[in-house]
Amino acid sequence: GYLIAGANENSRFLGRILRNSGIEVILADTSKANVREAQRQGFQVYEGNILGDSVFDELDLTSIGKLMALTSSSEINTLAMKYYGEEFGEENVCRLISKKELEMRDVDIPKNALFLGEVDYLNLAQNIRQHDSVLVDRCSDNEEYDKILKKHRSKIIPLFLLRGDEHPKPILKELPDWQKGDKIAYLPVNAGGANNLTEPLV
């Protein structure tokens, strides 16, 4: 399952995709408003600091093995990566990039940056507000990926790789090695893209 740092709108949106695929999800936040809204949406929520010493005593992480750091604070996201990278393994933790990383093109984007390292917290939130569900398209190779890009004027946020019966895998800095039968869950960046909904996932 996934521990998601943050119970904000981004976390709830992505958490729903995972939860709808049968994955256990725990959202963690110190904001009472975020915690309340996540609970109202049926999420398991930890109200507190996930970087605190007591978190492993207070939170049952036996069925949780992955972290997505989605808070609006790049500092917390980076610290959470270090903290849980030791617990879960570096290959099982990922985070949103910061506004600074997005703007400074000469910065090395880490390999476990989410969504090709092309969106920060605010970009993602703005696009989620425009689309209440993700789009899903077949994507067996780079050619099909290019067709999806073309359909949306080269502007999409690739979120998850969907492969057979496997759990959705977040798309990181590099696109995955596509296989026959793969699908991609994504958000179009242009507001008009919502009409192309092929398969609601959320």
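Two strands count as paired when DSSP finds at least two bridges between them. Keep that in mind as you look at this predicted model, and start with strand 2 (residues 25-29) and strand 3: they pair in the parallel sense, over four bridges. One spot to look for is D29, whose bridge partner in strand 3 is E47.

Now zoom out to the sheet around that pair. Five strands make up an open sheet with parallel pairing, and going across it you meet them in the order 3-2-1-4-5. At the edges sit strand 3 (44-47) and strand 5 (93-95), each pairing on one side only. Neighbouring strands in this sheet are turned by 20° against each other on average, ignoring direction.

Next come the helices that lie across these strands. Helix 2 (residues 32-40) lies across strand 2 and strand 3, and runs at about 165° to strand 3.

Finally, hop along to helix 6 (residues 121-130). Which of its residues are buried? They are L124, A125, N127 and I128. Looking down the axis of helix 6, you'd see these buried residues fall within an arc of 170°, so they line one face of the helix. What do they pack against? The buried residues of helix 6 meet helix 1 (9-20), strand 7 (156-162) and strand 9 (183-188). And have a look at the start of helix 6: there, a side-chain oxygen of D120 comes to within 3.3 Å of the backbone nitrogen of L122.

Methods: Residues are numbered from 1 along each chain as its sequence is written. This is a predicted model: local features need pLDDT of at least 70, side-chain atom pairs count only at pLDDT 80 or more; totals for chains, interfaces and linings use all residues. Side-chain values use heavy atoms; hydrogens and water are left out. Helices (H or I, at least four residues) and strands (E, at least two) are DSSP runs, numbered from the N terminus. Axes are lines fitted to C-alpha atoms, for helices over the stretch in contact, and angles run from 0 to 180 degrees between N-to-C directions. Contact means heavy atoms within 4.5 Å. Buried means under 20% relative accessible area, exposed over 50%, partly exposed in between (1.4 Å probe, protein chains only). The arc is that of the directions from the helix axis to the C-beta atoms. A polar contact is a pair of N or O atoms within 3.5 Å; within protein, one must be able to donate a hydrogen and the other to accept it, and residues adjacent in sequence count only if both atoms are side-chain atoms.
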